[in-house]
Structures are given as structure tokens and as C-alpha cells.
Amino acid sequence: MLPLAPWQFGSILPWLDLFGIAVFAITGALAAAGRGQTFVTAAFFALITGVGGGSVRDLLIGAPVFWVHDPLVSAICLAVAALVWLTPPNWWRGPQGQTTALDWLDAVGLAAYAVFGAAKALAFGIPPVPAALMGVVTACVGGIIRDVLAGEPSILMRPELYVTAAALAAGLYVALVVLEVSPTLAAGIAAAAGFALRAAAIRWKLGLPGYGGP
């Protein structure tokens, strides 16, 4: 199937994509800045975190790797790296164990990026179930790469719901589109649902039982 024009994703979806990229780029820059690294390293972390999931998605669905052909994406990643570098650390990270504004932004970015990833996969003719999985890849792989490079425990190992929230957003979007709900409305509903689950997990430390657990 030929690539679809941006408007065919629904008017809200390109904005969800850019927002997700910016939020994840911030987390990448913070991972480097928190270790006292140089601005070059922070910019690299911002870029690899912001585009990592989308790059893997595009390679898997046979699409041109999006950020290579769109100068706005790399500019956003470099801009947020500069923002992190020039602002005090306490703007982004609160005391240990406390929820910060970045946690909530990350929740929005997770849901937004999952929805856009699923939408793009559908637009390239990927069947519904793999398309939903591409949404999860889009939302989570950049953070996994960031954590591996930074030597941190992977987001996959977070005790509270994280990947599950991405799966809800992507899966719900695909289900609604299959039911012929308009892409714009489906995107709003799915992103809101994914964010709500992630927000509940942050607020009440919700998690799925582990292997061998109750």
C-alpha cells in the first residue's frame, strides 16, 4: 500500500506524534545530563530516545525511516536537549520517589506515540494485530534503548503498568478504526484511555502480578 498523506492519519495524529517525540527526547537528555555528560551526549540521547521506537517501527513495516526525511523531528530533539541543558535539574526531577511533571508528560507521550505508531502501521497496510504491536514498539523501544545505553533498569522492568498502557492505547485505536470510527475520534479516545491507565498506575502504583505471584 502506498504511504498516506499526513491528513489521512486524522488531524490530531501528527501532533500526537510530535508531542511524543518531544517528551521522550526530554527523558533521553535527562538520562545523560543526570550523569554529568556533555551537551553532545545529551543531544544524542535525546535523538535516540525520541526516534528510536519510530525508527524500529518503520523498518519493520517497510516505511522510509521518518526522521531521516523530516528535518523538524531532529530539530525538536536537539531543541529539547538544549532546553534540558540550560535549565536547573529540579525543574525536571523532584525528590526521590515523588511524582513530577515529567512523569505526567511521559504518560501523555506514551499514549500519544502508541496511537500514532498503530495508525501509521495501519496506513501501510499492516493487519490490525501487528499494527497494534507496532504502536507498542513505537512507544516503548526508544526508552528501552535509552535505558540500555545509560545503564539503567529497563522500562520493561517497571513495577507499575507502563507497556500495558501503551498496549491499551494502540489496541483500542486499532479496534475503533476497524469498527469504522473516524481516525481523529479514535485517536482521541485511545490516547485518553492509555493516559488514564498510565496515570492511575503512577498515582496508585498499579501493576500486574509477576510470575509465581498471587
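Me: Are arginine 57 and aspartate 58 buried or exposed?
Reply: In this predicted model, arginine 57 forms a salt bridge with aspartate 58, and their closest N and O atoms are 3.0 Å apart. The burial class requires a relative accessible area under 20%. Arginine 57 and aspartate 58 are both classed as buried.

Me: Which residues are linked with Asp58 in a network of salt bridges?
Reply: Aspartate 58 meets the side chain of lysine 120 in a salt bridge with an N to O distance of 3.2 Å. Lysine 120 belongs to helix 4 and aspartate 58 to helix 2, so this pair ties together parts that are 62 residues apart in sequence. Lysine 120 is buried, as is aspartate 58. The network joins Asp58 with Arg57 and Lys120.

Me: How many residues apart in sequence are the parts that glutamate 152 and arginine 35 tie together?
Reply: Glutamate 152 and arginine 35 form a salt bridge whose closest N and O atoms lie 3.1 Å apart. Glutamate 152 sits in the loop between helix 5 and helix 6, whereas arginine 35 sits in the loop between helix 1 and helix 2, so the parts tied together are separated in sequence by 117 residues.

Me: What relative accessibility does arginine 35 have?
Reply: The partly exposed class lies between the buried limit of 20% and the exposed limit of 50%. Glutamate 152 falls in this class with a relative accessible area of 29%. Arginine 35 also counts as partly exposed, because its relative accessibility is 41%.

Me: Which residue lies 119 positions along the chain from phenylalanine 24, with its C-alpha atom at 7.3 Å?
Reply: Phenylalanine 24 is part of helix 1, residues 13-33, and is buried because its relative accessible area is 2%. Leaving out residues up to four places away in sequence, phenylalanine 24 touches several residues, including Thr49, Leu110, Tyr113 and Tyr162. The residue whose C-alpha atom is 7.3 Å from that of phenylalanine 24 is glycine 143.

Me: Which backbone nitrogen does the side chain of serine 154 reach?
Reply: Serine 154 is located in the loop between helix 5 and helix 6, and it counts as buried because its relative accessibility is 18%. Apart from neighbours within four places in sequence, serine 154 contacts Ile144 and Asp147. At a distance of 3.1 Å, its side chain reaches the backbone nitrogen of leucine 156.

Me: What is the separation between the C-alpha atoms of isoleucine 126 and glycine 62?
Reply: Isoleucine 126 is in the loop between helix 4 and helix 5. Its contacts, neighbours within four places in sequence excluded, are Ile61, Ala121 and Ala131. Glycine 62 is 64 residues from isoleucine 126 along the chain, and their C-alpha atoms are separated by 9.9 Å.

Me: What radius of gyration does the protein have?
Reply: The protein has 7 helices and 0 strands, and buried residues make up 47% of its 214 residues. Of the contacts with a separation of 6 or more, 75% come from residues 24 or more positions apart. A compact globule of 214 residues would have a radius of gyration near 17 Å, so the value for the protein agrees: 17 Å.

Conventions:
Residues numbered from 1 in each chain as written. Predicted model: local features only at pLDDT ≥ 70, side-chain atom pairs only at ≥ 80, totals over all residues. Heavy atoms only, no water. Helix = DSSP H or I, 4+ residues; strand = E, 2+ residues; numbered from the N terminus. Rg over C-alpha atoms; globule rule 2.2 N^0.38 Å. Buried < 20%, exposed > 50% of the residue type's maximum accessible area, 1.4 Å probe, protein only. Contact = heavy atoms within 4.5 Å. Polar contact = N/O pair within 3.5 Å; in protein donor to acceptor, adjacent residues only side chain to side chain. Salt bridge = Lys/Arg side-chain N within 4 Å of Asp/Glu carboxyl O.
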